[in-house]
Amino acid sequence: ARIYGKSDVTINGGRFYKNIYGGGDMAVVDNGKEDATNVVIGDGADIRGSVFAGGNGRAKRPTTLTYKENDGYTQTPDSVGLVKGNTNVIFTGSTLIAPKIYGDIYGGGSLAQVQGSTNVNIYAAHFAGQIFGGGKGNITDKNGKDNITDKDKTDLTFTYANVKGNTYVNLAHDFVITIIDD
């Protein structure tokens, strides 16, 4: 699947237990060199997963694994969940009501590339996780298991979540930003 144009996601309330993506799930969002995704989360939104301004890709299949239908891997991770353009994620609210995010915040994608710049702007939020201007990649061993401690790099498979442009993270200090410490 492919979206030609911009993807806008606006959440102003409700509770979400899974991840939020500005891009597609294995789909390409193509808006040239313009803003391709805009994720705006405000008011009383309660996000229990992570927030990605980019798309959701798939891990690269290790060369030692044979293809199985719906195994969750791909041979071409660079184009799965790709965003062609800039990504934006904005958290907004007030001192009385601001969104809560219990996962991590990414300007990029999950196992997916961004062919532009990423922008993370937090004006009001309560968050428990970490904030990244880029995306989330993965490293697996020859059997497809997560294994980032293996010293033998010949048996590891890397799935990148590269950002081809710049990354910007802005934490506004004039509004309410609270770190939730469980």
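1. F132 is partly exposed, with a relative accessibility of 30%. The cut-offs matter here, because buried means under 20% relative accessible area and exposed means over 50%. Y106 belongs to strand β12 (residues 105-106) and F132 to strand β15 (residues 131-132), so the pair ties together parts that are 26 residues apart in sequence. Please keep in mind that this is a predicted model.

2. The count of aromatic pairs comes to four. One of them joins Y21 and F52, which are stacked at 5.1 Å centre to centre, with 10 degrees between the planes. Since Y21 lies in strand β4 (residues 20-21) and F52 in strand β7 (residues 51-52), this pair ties together parts that are 31 residues apart in sequence. Y21 has 21% relative accessibility and counts as partly exposed, whereas F52 is buried, with a relative accessible area of 2%.

3. How do these residues belong together? Ring pairs link Y21, F52, Y106 and F132 into a cluster. A further ring, that of Y102, has a charge over it: the charged end of R48 sits 4.7 Å from the ring centre.

4. Nonpolar side chains deserve a separate point. In soluble globular proteins, such side chains tend to be buried together. In this model, the largest nonpolar core consists of 16 residues. Those with the most contacts inside the core are I41, I47, V51, V89, F91, I101 and I105. Two or more residues of the core come from each of β5 (28-42), β10 (83-92), β13 (118-122) and β14 (125-127).

5. Which residues does V89 touch, leaving aside those up to four places away in sequence? The list is V39, V51, A53, I105, Y106, N119, V120 and N121.

6. Strand β5 has several partners. Strand β1 (residues 2-4) pairs with β5 in the parallel sense over three bridges, and R2 has V28 of β5 as its bridge partner. Strand β2 (residues 7-11) also pairs with β5 in the parallel sense, over five bridges. There, I11 is bridged to I41 of β5.

7. How many bridges join β5 and β10? The two strands pair in the parallel sense over nine bridges. I41 has F91 as its bridge partner in β10.

8. Some values for the whole chain follow. The protein chain has zero helices and 19 strands. Of its 182 residues, 45% count as buried. Among contacts with a separation of 6 or more, 80% come from residues 24 or more positions apart.

9. On overall dimensions, the C-alpha trace spans about 55 × 40 × 30 Å along its principal axes. The radius of gyration is 17 Å, which agrees with the value near 16 Å that a compact globule of 182 residues would have.

Notes
Residues numbered from 1 in each chain as written. Predicted model: local features only at pLDDT ≥ 70, side-chain atom pairs only at ≥ 80, totals over all residues. Heavy atoms only, no water. Core = buried A, V, L, I, M, F, W, Y, C linked by side-chain atoms within 4.5 Å. Buried < 20%, exposed > 50% of the residue type's maximum accessible area, 1.4 Å probe, protein only. Helix = DSSP H or I, 4+ residues; strand = E, 2+ residues; numbered from the N terminus. Contact = heavy atoms within 4.5 Å. Phe/Tyr/Trp six-rings, centres within 6.5 Å; stacked < 30°, edge-to-face > 60°. Lys NZ or Arg CZ within 6 Å of the ring centre and 35° of its normal. Pairing = 2+ DSSP bridges. Rg over C-alpha atoms; globule rule 2.2 N^0.38 Å.
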